[in-house]
Amino acid sequence: METFWETFKRHGVSRRDFLRFATAITGLMGLSPSMIPEVVRALETKPRVPVLWIHGLECTCCSESFIRSATPLASDVLLSMISLEYDDTLSAAAGDAIERHREEIMKKYWGNYILAVEGNPPLGEDGMYCIIGGKPFLENLKETAKGAKAVIAWGSCASWGCVQAAKPNPTTAVPIHKVITDKPIIKVPGCPPIAEVMTGVIMHLALFDSIPPLDSQGRPKQFYGNRIHDTCYRRAFFNAGQFVERFDDDGAKKGWCLYKVGCRGPTTYNSCGNIRWYNGLSYPIQAGHGCIGCAEENFWDNGPFYERLTNIPVPKVEASPDKVGATLAAAAAAGAVAHGLLSKVRNK
Amino acid sequence: MARVVVDPVTRIEGHLRIEIIVDEKTGKVVDALSSGTMWRGIELILRGRDPRDAWAFAQRICGVCTSIHALASVRCIEDALDIQIPKNANYIRNIMHGSLQVHDHLVHFYHLHALDWVSPVEALKADPVQTAVLQNQLLEKYGAIGDLLPDPIGHRAYPKKFPKATPGYFRAFQEKIKKIVESGQLGIFAAHWWDHPDYKLLPPEVHLMAVAHYLNMLDVQRELFIPQVVFGGKNPHPHYLVGGMTCSISLNDMNAPINTERLAVVEDSIYTQVEAVNLFYLVDLLAIGHIYVQKGQTYGGGLAKKRVIGYGEFPDEPYKGIKTGDYHTKILYHCNGVVEDFAEGVEKAKYYPLVGKDFADPNVIQEFVAHSWYKYPDESKGLHPWDGITEPHYTGPKEGTKTNWKYLDEKGKYSWIKSPRWRGKPCEMGPLARYIVTYTAVKQGHIKPSWMDEMVVRQIDFVSKVLELPPHVWLPTTVGRTAARGLEAQLGAAANLYFLKKLYDNIKAGDTSVANMEKWDPSTWLKEAKGVGITEAPRGALGHWVIIKDGKIANYQCVVPTTWNGGARDPMGGQGAFEECMKDSPVKVIDKPLEALRGIHSFDPCLACSTHVYDTEGREIVEVKVQGAQACY
């Protein structure tokens, strides 16, 4: 979203004329001349990207992972990059107050807010396995998506279904792309996703005003472009045929490859091998446990974690041409400018 | 009478709805409803799976109290299969647990609870110079509480995370809040009841200091979980292993998961835990709590005054079984028991012990469904987890439609949360409950106190001295519940230093084993095995029950803290802790029930944990109603 001053500049308006405009608008809105500097400042200040973060059936590990980010720190993201206008976990307001606020934000920033979804909707029992404000979350999800610029599917719940969708999927939980079919969706899978991957996606949106380049599965290429097996620091041991045969054996002490004790590294796309967890501190394989494939679809149902599997489906991601998500349009239609200006300056 | 609804309740984990019936003239709450508004079915999902995988599935019950369901699960499977873990694995698991206790309690206070007590709007009125003065005064006044935390390692030269107390520092935070308010984009601070009179109870300088700490601690909290990342590979949701842990130890191998460098990383972060708790959390708690108590805000005790329960935690050394009773001979935290009538004074309170065999006894712990959306053949009775029946039965609201509620039916079924009971009676659980049980057990001479029990007593006595009130008056209140959580965070940090020292000593003695793999292969298991895994989760006592048949999970059930606390009323008329707390709190502004919200938040609700179902042994899924087998979790 560019500021109004940027819009004016783009249309070739001089600074002097811009200030004249600001003065005129101030008078038009019935504000005193002493308010002119405020009006100018409002026009110059880039509004932070409004984000509505809703929760369906989930365990909240995505929210928790988000705040583990070291770079950027969550406080910088929340206070200076985006404006988190709705979040079950952090929002001060509750009940009717927060739901009304959500509706106001949707209206005010229609077409310009990001919808972030943690968790997923159950379709069973008319959706009443997950209730917000006395109504099914399914309804809340569809309604909130309507005016979104783009949608983020946080974690494996929103991206694929995750644990509640594992056999026999008692509540008929489905990933959000089964319900939202007319908006660009950025899938950020993982149970949970790595913290810096999550804040990286937000930072990309705030910094570049565009959806990061996505692969054929809808995942950001810069975070899901390689398998763990390609970037794993124990790959040399795999190549040399040095494996852990049994936990805590000699090979385990030597940090050898965990392939034989079920590691899903060869079939899992994620940044655990390169960015790792906690800004490079460690990852499951480094702690001696094989990857369980938590960023992949159906990982819960691909057989016991400690057994070597031969039939895990691997979607072809490297070869397919990617459909990049729609680039965000700047909110600068002339009519919208005046309307936006009014509400922006009034809303103090 | 006014009926006030808050749905969704925010600043919790999961989905919750509350309804309060208030006498508008007096502000007294006549009745209250707590309704769990979510369900997933994880217990059903576990059926038929490999028991060695159970911890990974169960852990996804909750990502806030991450790791605790994994711990309960591995303990449960190990209890069923008669596996005793190595010493190092016990110490490592205890450190991971202690780290959860510190993180979860601290983040709850600052990031989920604090905005019920402090306001960024009030913070804007503060004088940054006076705020700096206040910060120093508070550290002088309450800082001695840090001396209650023993350090057997002694490697921290001086505190690294010391609260800043300069006017410029507080001015910078104030400026940032001002910018946010002026931008019109209030974000998480938007739309709340900032004009509620309770926000005037504290001086603006306390508000500014607390809001600054909210942000400091948001930056620091990630460091508190570093032990889980080192030992378990990631956080949230670190990795465990039936039989111990996978993080092998070797001082001879460069690529070992644990060597001296990794231990140093863990040690450093435990000192960060100590400092965050001693210098920020406890001082802020005492500052706020003290003023609230002085101003008579001592409501919200509810069920805590009448009955509390705990299961016991922190086994000092590996044990041979839980249902056998050996676990309870090894624990350091003797919060295992039920205490009634603590509000009458610790001498008059009634104490009942709880040990291993009680968890297998069908008459001790049961769940009722009369007011929850499930069906039993006879809903006047409760069922033990091993004998459970699952038949979801959604009946809709009292007023409104099935998919658009106006009001729920307190006389009928109104929640996805069941009603666990101890001998048919409701109990509160959580840090407050644990502190009441431990304190009573020590003072009445029922146990030989461990160092941990003695620390609990010293902490309570310290706060009693500050408040100039005896424990039975200040503890069972909303403020007391909040204070107990902070004290328990300090206990967790102390546990971590203690178990880290034990880990060092054991490695020094030449023992580097982390996993007992003798019973790894299913061929070593009995045809049928039953187990129970218990632990003290941040929000209260947690139990997992399993039946393994032919190497696969036949039946898996969890009875979780928020089920006890947030559950619906039982057929005998007993109400759970959330409802009793709301009934024991005033409402000063009818359409802004901040006191009720503050009370509910004082339990640290976790709804993903609370909703579940259990199955009878061998009972076919076809008997469960369709549209997915509507088990909940």
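A residue counts as buried when its relative accessible area is under 20%, as exposed when over 50%, and as partly exposed in between (1.4 Å probe, protein chains only). Keep that handy, and note before you click that this is a predicted model, where local features need pLDDT of at least 70, side-chain atom pairs count only at pLDDT 80 or more, and totals for chains, interfaces and linings use all residues. Residues are numbered from 1 along each chain as its sequence is written, chains are lettered from A and ligands numbered from 1 in the order in which they are written, and side-chain values use heavy atoms, with hydrogens and water left out.

**Stop 1**

Select chain B. Of its 633 residues, 73% count as buried. Its C-alpha atoms fill a box of roughly 70 × 65 × 50 Å along the principal axes. Now colour by secondary structure: you'll find 19 helices and 15 strands. Those are DSSP runs numbered from the N terminus, with helices being H or I of at least four residues and strands E of at least two.

What share of the contacts in chain B with a separation of 6 or more joins residues 24 or more positions apart? That share is 77%, where contact means heavy atoms within 4.5 Å.

**Stop 1: B:T272**

Zoom in on B:T272, which sits in helix 10 (residues 260–294) of chain B. Is B:T272 buried or exposed? It's buried, because its relative accessibility is 2%. Leave out residues up to four places away in sequence, and B:T272 touches B:R156, B:K161, B:V220, B:E223 and B:L224.

**Stop 2: A:M128**

Hop over to chain A and pick A:M128, in the loop between strand 3 (113–118) and strand 4 (131–132). A:M128 is buried too, with a relative accessible area of 0%. Which residues does A:M128 contact, leaving aside neighbours within four places in sequence? In chain A they are A:G134, A:K135 and A:P136, and in chain B they are B:Y394, B:K402, B:T403, B:W405 and B:W416. Try the distance tool as well: from A:M128 to A:L138, 10 residues along, C-alpha to C-alpha is 8.7 Å.

**Stop 3: the cysteines**

A disulfide is a covalent bond between the sulfur atoms of two cysteines. Here the test is a pair of cysteine sulfur atoms within 2.5 Å, and the count over all chains is 0.

A:C291 is buried, at 10% relative accessibility. Finally, select A:C294: the closest cysteine sulfur is in A:C191, 5.7 Å off and also too far for a bond. A:C294 is buried at 9%.
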